Amino acid sequence: MENNTDTGFDIQAYMTKGVERVVQDAVRATFRNPRESAFMLKFAAASKKASKKRRVSEMAGEHIPPFLIASITSECNLHCAGCYSRCNEATTDDEPVDQLTTDEWADVFDEAEEIGVSFILLAGGEPLLRRDVIDIAGKKPNILFPIFTNGTYIDDEYFSLFDKCRNLVPVLSIEGKKTTTDERRGDGIYDILIKNMNIFSKNNLIFGVSVTVTTENLREVTSDSFLEELVTKNCKAVIFVEFVPTTGDSPELAIGDAERDYIKSRISTLRETHTEMVFVSFPGDEKSSGGCVAAGRGFFHINSHGGAEPCPFSPYSDVNVKDTSLREAIRSPLFKALNEGGVLKDDHKGGCVLFEKRDQVEALLQM
């Protein structure tokens, strides 16, 4: 897979630098928590080894991304407004069928560690409904597993598991303060999230939050008052995810260049004023980072049925990990076409290029 040397952009160096910054920020953020800090220092060492594996592969002409997104179930108990997973019909109310088994996910995690993947983001649906998969993830301490959860299934057993397995980091989905969160996620969800945050804080357990950023809540979720409340709960990471209008019926909620520049500037300030937290934006300004890092450049997505997709917002697949290895999935014809055809680096309005150019992606899939 190409490394963009023709444009002077080195994707391997770019992703390695990004991983190192996230790991360093995580070590710093957990400095006052002895158990968490001890784990993060061990993980930092494992991350360096994984980076070396990826560098060796790169020199041999094989690009391995440091991140993987795994949607481990299509089942969810909530109906959040504008949910990309429901809009793409990846999450439904039907009984899940033909999803990857526990053993199949274990094989995915084993190979991911073998080839040098450092982070596997667990998503869904609601990932905590797959306690079997969460359990096997906890047994892979060399990989950090952020778990993107709506928070409603966290119980005493999960709190105990998070305490035992420090590589499992719950990331609670929140949309701002109470009114904003409940409007999108349902009445009472905000109170459940705050209750769980208080338990995490009381037991010195690390957690983060994920915020879907729209034109309506942008100022609220980047405000001092919202972030200070998270600080009081000992939240250690804030991930800003840009809203993608996957149905095309709410484009006014998608942020533009001006809002994206504001987030970038705001995060820069927050990293200086809140060193106890990690701040990340996704997809961020692709135009200034060599293009989209999906389709195996920086990460790719495995859906609950095993299909390897460019990213969750681009649900197209031509290979399945039930039938092939992760290595082969990264070299899939679709991923290769997206990389070599320049789609990932094409000029676009900003935000998610693959969603904006979905007709082009669908055409590649038919070739």
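A: Arg130 counts as buried because its relative accessibility is 11% (buried is under 20% relative accessible area, exposed over 50%, partly exposed in between, with a 1.4 Å probe and protein chains only). The model is predicted, so local features need pLDDT of at least 70 and side-chain atom pairs count only at pLDDT 80 or more, while totals for chains, interfaces and linings use all residues. Residues are numbered from 1 along each chain as its sequence is written, and side-chain values use heavy atoms, without hydrogens or water.

Arg130 sits in the loop that runs between strand E2 (119-123) and helix H5 (131-137) (DSSP runs numbered from the N terminus: helices H or I of at least four residues, strands E of at least two). Beyond residues up to four places away in sequence, Arg130 touches Ile72, Thr73, Gln99, Leu100, Thr101, Thr102, Trp105 and Tyr158, contact being heavy atoms within 4.5 Å.

Cys76 belongs to the loop between strand E1 (67-71) and helix H3 (84-87). Cys76 counts as buried, because its relative accessibility is 17%. With neighbours within four places in sequence left aside, the contacts of Cys76 are Arg86, Thr91, Asp93, Gly125, Glu126, Leu129 and Asn150. The closest cysteine sulfur to that of Cys76 is in Cys80, and at 6.3 Å this is too far for a bond. A disulfide is a pair of cysteine sulfur atoms within 2.5 Å, and by this rule the count is zero. Ser265 is 189 residues from Cys76 along the chain, with their C-alpha atoms 35 Å apart.
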